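Please find below a short note on the two ligand sites. It is set out as numbered points.

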Amino acid sequence: MNASILKISGLHARVDSQEILRGIDLEVRSGEIHAVMGPNGSGKSTLAHVLMGRPGYEVTSGSVTLDGVELLSLAPFARAQAGLFLTFQYPIEVPGVPLAAALTESLIAAGRIEEAEPGPLAARLAEEAAELGISPEILARPMNVDLSGGEAKRNETLQLAIIRPRIAILDELDSGLDVDALGQVSRRIERATREGDPPLGVIAITHYRRLLAELPAQRVHVLSEGRIAASGGPELAAELERTGYVAYREEAAGAAGAALDDPDPSERGLGETFPGGL
Ligand code: ADP
Ligand code: MG
């Protein structure tokens, strides 16, 4: 069986001349689920964006390789073609482009389907949509436009299921999902980590242990102030739910109010059009 490995080494990155990632080391292999937890503002989304190559972030040192290929010098589409996938914390509205059309074009670009043969893809889309509780008419609607938060996150999972990346970064896939949707998307992703050649490797960014109940992470990492402050097994997620992140902060004083349930202060409405640039 094929196996993939994503290696993040000594990754430092800045935005607006402020250092946000301050030395990240992480290795994720096919079939593994790693949870990255941490307080708001610790750099979780920045890590996801830097891995995928979103413009506006400056990598100052370090490397990120997928199966030996350095990703940091590649454009986002080339990282995607290498097998990396990101589900957005705030899925972006793409007016005028139906989800089914976007997926068809992705697979044609990757040489996975013939332009003239969309039939089998349509059948797979319908099957995956049914499993994820996505109504068929959503596939024909412009991507993420006027969808509820839950619908947009189900759409993200549908894309993952069809594209079958090697490594997926899930940025708070659980935010905005009700308990049924959470179960459906987590079960689908968990299945991808067991099936496929190679099976999917996952970095699951989340605040909540409830995601990990359905998507069981073997490794849990605490990101604090741009560094991985602790790593452990599933018991670490349970401990975090009890104690919060205070113990992992360099400047612990006065941070006691950081409850796990705090909504992200910068939270924008799900499905809202992402502002241009950053
Ligand atoms: P998390 O996802 O862990 O809540 P983020 O990665 O979104 O954290 O943010 C980490 C820090 O980087 C925050 O202090 C945030 O304000 C800052 N930051 C993120 N993106 C930008 C940006 N585009 N411009 C300026 N600061 C940013
Ligand atoms: Mg975030």
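This is a predicted model: local features need pLDDT of at least 70, side-chain atom pairs count only at pLDDT 80 or more; totals for chains, interfaces and linings use all residues.

1. Residues are numbered from 1 along each chain as its sequence is written, chains are lettered from A and ligands numbered from 1 in the order in which they are written, and side-chain values use heavy atoms, without hydrogens and water.

2. Ser-45 (OG) and Gln-89 (OE1) coordinate the magnesium ion (ligand 2) at 2.1 to 2.4 Å. Donors are N, O and S atoms within 2.8 Å of the metal (3.2 Å for Na, K and Ca); water is not among the atoms, so sites may look incomplete.

3. Ser-45 belongs to helix 1 (residues 44-52) and Gln-89 to the loop between strand 6 (84-87) and strand 7 (94-98), so the pair ties together parts 44 residues apart in sequence. Helices (H or I, at least four residues) and strands (E, at least two) are DSSP runs, numbered from the N terminus.

4. Gln-89 is buried at 5% relative accessible area, while Ser-45 is partly exposed at 22%. Buried means under 20%, exposed over 50%, and partly exposed in between (1.4 Å probe, protein chains only).

5. Among the polar contacts (N or O pairs within 3.5 Å), an oxygen atom of ligand 1 lies 2.8 Å from a polar backbone atom of Gly-41. A polar side-chain atom of Thr-46 is 2.5 Å from an oxygen atom of ligand 1.

How values were computed
A polar contact is a pair of N or O atoms within 3.5 Å; within protein, one must be able to donate a hydrogen and the other to accept it, and residues adjacent in sequence count only if both atoms are side-chain atoms.
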